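Please keep the sequence and the structure in view while reading.

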Amino acid sequence: MVSSDLRRALKGTGAPTAVLDLDAFDANLDALAERARGLPIRLATKSLRVPAAIDRALAHPAFSGVLAYSVPEALFLHARGIRDIVIGYPSLDRASLSRMFAESGACTNITLMIDSVDHLDIIDDVRENLAEAGRKSSSDGTGPAGEGKNLTEAGAASVRVCIDVDSSYRPAESWLGDRVHIGARRSPIRDGRAAIALARQVAARPGFDLVGMMFYEGQIAGTADAGRSVRQAIVRAMQKASITELAERRAAVIAAVREVADLEFVNGGGTGSFESSSVEGTLTELAAGSGLFSPGLFDGYTHFRHRPAAYFVTPVVRRPGPGWVTVFKGGFIASGVPGSDRLPTIAWPPGLEYSGLEGPGEVQTPLTGPGTESLRIGDLVWFRHAKAGELAEHFNEFLVVSGSTIIDTWSTYRGEGLVL
């Protein structure tokens, strides 16, 4: 349900636009802080993709550091003055890695993610190429003054790395192996033996510092559990078993790696798993971002309820017949397994539904139902994206509303020229 204050603030808007309810956003900051039970929260920036929203979250005492998506995003955030950046995914972007090594202070403040010796090889190769370019520039004097020295120093930069550990659930793994795999397929590192082998490889290589570990339990944090169906009952049973299994395995993996490295942080969880992740006792910090926008998928969780904060509105441009209206665009389908839960949620007015033959469209979206009776050409229909940060990929800015007033305009990554 969209409040009358929000609707009043956007009255007269004629073009599709993204909207941020700042009061709900702030309430969600406090809600996540309470659910974290004292653990610091590392902000997952890809779940916002709005620099001003990132800054506002980091100003909250419960939030510390960011979890970025890529090296270009990390460098973008670093240029804005953000420090303690962990890149959540391995990178093969050699050009961006070169920029990172050459940028003053970046290697001190940015941590790269690894789960394979191959990732170490690529980093070493980039550094060697920089060092070689520096030696060549110094010997032949063809480059600008000081360039050779700068390139050589960039090639010698020490690199902070974090090991990503697979946190998915595999029932009866001892005899089924990975034939039943529930959760994200990410890292090949799953147990203490594999983790300590990679940690030793890091320790044996000059210029690398193993500073952290990351665990993401997507089958808990990213899977809705509400409902009375047999399927949802199975989901809840799976999550309960996974919480128990992961707590034991995670403790063993962390203990093994701590024999090799003095870890600064152990990151885990997500908005949907704070209740279990915060009390497990193995983590030094949690990760979250989506919960600040509270997208449509979060309506399906039983153990928490945040306030919807991010919307997009689009006007009625046609009334093609009795019981039908057509709004301008709206086909913002979320990533993941295709299904009805990946469609935008129609938030206002009530009594609207998609056409079974068209759904949300790239340039127009027909809607039907009793809610169409009160709609006229130019009236706004409110939607929520199924996921959080993906909404920002469709708009250059958010209109920021407090109470019934538009108080600001916040640019998105797209508006800043950064596309993830």
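How many residues lie between β16 and β17 in the hairpin that they form? This is a predicted model, in which local features need pLDDT of at least 70 and side-chain atom pairs count only at pLDDT 80 or more, while totals for chains, interfaces and linings use all residues. Residues are numbered from 1 along each chain as its sequence is written, and side-chain values use heavy atoms, with hydrogens and water left out.

The hairpin of β16 and β17 has two residues between its strands, and Gly403 in the turn has a positive phi of about 65 degrees. Strand β16 covers residues 397–402 and strand β17 residues 405–411; their pairing is antiparallel, over six bridges. Here strands are DSSP runs of E with at least two residues and helices are runs of H or I with at least four, numbered from the N terminus, and two strands pair if DSSP finds at least two bridges between them. Ser402 has Thr405 in β17 as its bridge partner.

A parallel arrangement is found in the barrel, which eight strands close in the order β2-β3-β4-β5-β6-β7-β8-β9. Within it, strand β2 (residues 41–44) is joined to β3 by three bridges, and Ile41 is the bridge partner of Phe63 in β3.

Helix α4, residues 71–79, is mostly covered, with seven of its nine residues buried, that is, under 20% relative accessible area (1.4 Å probe, protein chains only). These buried positions are Val71, Glu73, Ala74, Leu75, Phe76, Leu77 and His78. They pack against several elements, including the barrel strands β3 (63–68), β4 (85–87) and β5 (110–114), where contact means heavy atoms within 4.5 Å. At the start of α4, a side-chain oxygen of Ser70 comes to within 3.2 Å of the backbone nitrogen of Glu73. Just after the helix, Gly81 adopts a positive phi of about 100 degrees.

Aromatic rings of Phe, Tyr and Trp (its six-membered ring) pair if their centres lie within 6.5 Å; planes under 30 degrees apart count as stacked, over 60 as edge-to-face and the rest as tilted. The count by this rule is twelve aromatic pairs. The centres of the Tyr301 and Phe304 rings are 5.1 Å apart and their planes stand at 45 degrees, so this pair is tilted. Both Tyr301 and Phe304 are buried. Elsewhere, ring pairs link Phe312, Phe332, Phe383 and Phe395 into a cluster.

Terms used. Buried < 20%, exposed > 50% of the residue type's maximum accessible area, 1.4 Å probe, protein only. Polar contact = N/O pair within 3.5 Å; in protein donor to acceptor, adjacent residues only side chain to side chain.
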